[in-house]
Amino acid sequence: MAITLRSRWAFLPLILALGVISLYFLRLSIGHEAQPLPEAPRPPDAPKGPVYKDTHREIVPALPEYFPLAAKASSPADLPPVPLWNRPPEEHVPEATRLYIGFTRFWPLLQQAVVSYIAAGWPPEDIYVVENTGTMDANKRGLLTIKNPFYLDYHRLTALLGVNVVTTPSLQTFAQLQNFYLFEAINNNLTHYFWSHMDVAVHSHEDKEPFRSLYMNAVDVVRETQKPDYLVDDTGHKREWGIQFFAYDWLSLVNVKTFADLGGWDTMVGYYGTDCDMYSRLSMNDYAQPVQDAGMVYDVTNSLDDLEVLYRRRPKKQQATRDNTDDGKAGSHNSTAPLSNKSYLESTEEDDKGGESFKKLAATLEQIQQDKRDDKFRNSWQLRQNGGEGEPYYYDPDGFEKALQMTIEVGTKINEEKWGHRGCDIGAVGLKEGDQWRVEHDSTFD
């Protein structure tokens, strides 16, 4: 059928009407989407903006000086000498004796640990403090104050005490720090290394004969591990060792190859539980973990009032007799005026090895250790500094502690899921290498 021109034009109004209606609804839709949703009505007394916690806290006063002689010293010669009986050989022993000590918070305990190791004969050049504060080079540049939890006296450690300081690029967990030690040892071609907690104090067994200093006893353990017949049984089978414990791992000796072969520490388990995991895996793979005795190692929460006592000195007998008649003249031990370092060194002498002052020192450290055991929060020392606001890389101390506890809790849960078991007795319940992440929860989850 033919369609005329007039019939074609008859549909045009209809088409135009449909187009106009379509554009209207499209515009209406776009306009509707662009409209913001109405806010929920606010209570009339509700504050606008964030609601802040009550974060008021008293800033803890600056810590006292626990090593006055070091504070006044201008060179290592101004510090007391290491007791003759503890002094290491003038020529370094052939064995490597690198000792890592990690640090994050509370300078007084780190200082005490370092000084006690030096006084017990450990060569300062072999001690490596690993500064794990997350404050980059701020301590090296002296930009933090003593009120800051992450403060350490870089100058005193390096220029006066003669130890090394290695700074981590960022704050690391305990497990990451352990792998950092391992990494450093591998890069320095070490077959073994020592590491210690920072919240310890040590001394040699002065009351035991034949006498060996803490350091030389540690060297003897290294030499023992290097003997061809070490851990060889009657059948000729040689068992490899993983770690040597001196008072658990407050001080320990690590076999680099063994730890590397096991893949190092599990960094997913950052803090508590990561030692259970590492040492259980050593046992599962039949690596020996002998217990050794080099000297006394105390787990402490406080510093001695004056670290000078670790150097085991006393007033010279002739000087002491003269001082008793001095009526407290300046420079005498009865005077309240502080001695200069030179006067102190000239007026004192080495004490008797294993004498009464040693027994007093040992009893004091034992009491400090007991105080820590009696403390429900055994690491309360970590909270004794809360200043530093406005200093480089400042982190709110309360927030840091809360975040740390949350991180610890998460790591503990990860370790429980990893082994399907709650507790440190991983190997004792029949778990073995290869069971990680493959077993269902056991009865400890009930």
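Trainee: How far apart are the closest N and O atoms of D352 and R314?

Mentor: Start with the general idea. Side chains of opposite charge can pair when their charged atoms come close. In this predicted model, D352 and R314 form a salt bridge, and their closest N and O atoms are 3.1 Å apart. The cut-off is 4 Å, so the pair counts.

Trainee: Where do D352 and R314 lie?

Mentor: D352 sits in the loop between strand 11 (348-350) and helix 12 (356-374). R314 belongs to strand 10.

Trainee: Is D352 buried or partly exposed, and what about R314?

Mentor: Buried means under 20% relative accessible area, and exposed means over 50%. D352 has 41%, so it counts as partly exposed. R314 has 19%, so it is buried.

Trainee: Which residues are linked with D352 and R314 in a network of salt bridges?

Mentor: The network links E206, R312, R314, E349, D351 and D352. Take E206 and R312. Their side chains meet in a salt bridge at 2.9 Å, N to O. That pair links distant parts of the chain, 106 residues apart. E206 is in the loop between strand 5 (200-203) and helix 7 (214-225). R312 is in the loop between strand 9 (296-299) and strand 10 (313-315). Both E206 and R312 are buried.

Trainee: How many salt bridges does the structure hold?

Mentor: The count is 27. One of them joins the side chains of K413 and E409, at 3.5 Å from N to O. Both residues lie in helix 13. They are four residues apart, about one turn of the helix. K413 is partly exposed at 47% relative accessible area. E409 is partly exposed too, at 45%.

Trainee: Now the disulfides. Which residues form one, and how many are there?

Mentor: The general idea is brief. A disulfide is a covalent bond between the sulfur atoms of two cysteines. Here the count comes to one disulfide. C276 and C424 form it, with their sulfur atoms 1.9 Å apart. The pair links distant parts of the chain, 148 residues apart. C276 is in helix 9 (residues 274-284), while C424 is in the segment after helix 13 (397-419).

Trainee: Why is the disulfide of C276 and C424 called left-handed?

Mentor: Read the torsion about the S-S bond. For C276 and C424 it is about -110°, so the disulfide is left-handed. The two ends also have their own accessibility values. C276 is buried at 12% relative accessible area. C424, at 43%, counts as partly exposed.

Trainee: Next, strand 7. How many of its residues are buried?

Mentor: Five of the five residues in strand 7 (residues 251-255) are buried, so the strand is largely enclosed by the rest of the structure. Check each face. L251, L253 and N255 are buried on one side. S252 and V254 are buried on the other.

Trainee: In which sense does strand 7 pair with strand 4 and strand 6?

Mentor: Antiparallel with strand 4 (residues 192-196), over five bridges. Within that pairing, Y193 stands opposite V254. Strand 6 (residues 243-246) also pairs with strand 7 in the antiparallel sense, over four bridges. There, F246 has L251 as its bridge partner.

Trainee: Which residue takes a positive phi in the hairpin of strand 6 and strand 7?

Mentor: A247 does, with phi near 60°. That hairpin has four residues between the strands.

Technical notes
Residues numbered from 1 in each chain as written. Predicted model: local features only at pLDDT ≥ 70, side-chain atom pairs only at ≥ 80, totals over all residues. Heavy atoms only, no water. Disulfide = S-S within 2.5 Å. Helix = DSSP H or I, 4+ residues; strand = E, 2+ residues; numbered from the N terminus. Buried < 20%, exposed > 50% of the residue type's maximum accessible area, 1.4 Å probe, protein only. Pairing = 2+ DSSP bridges.
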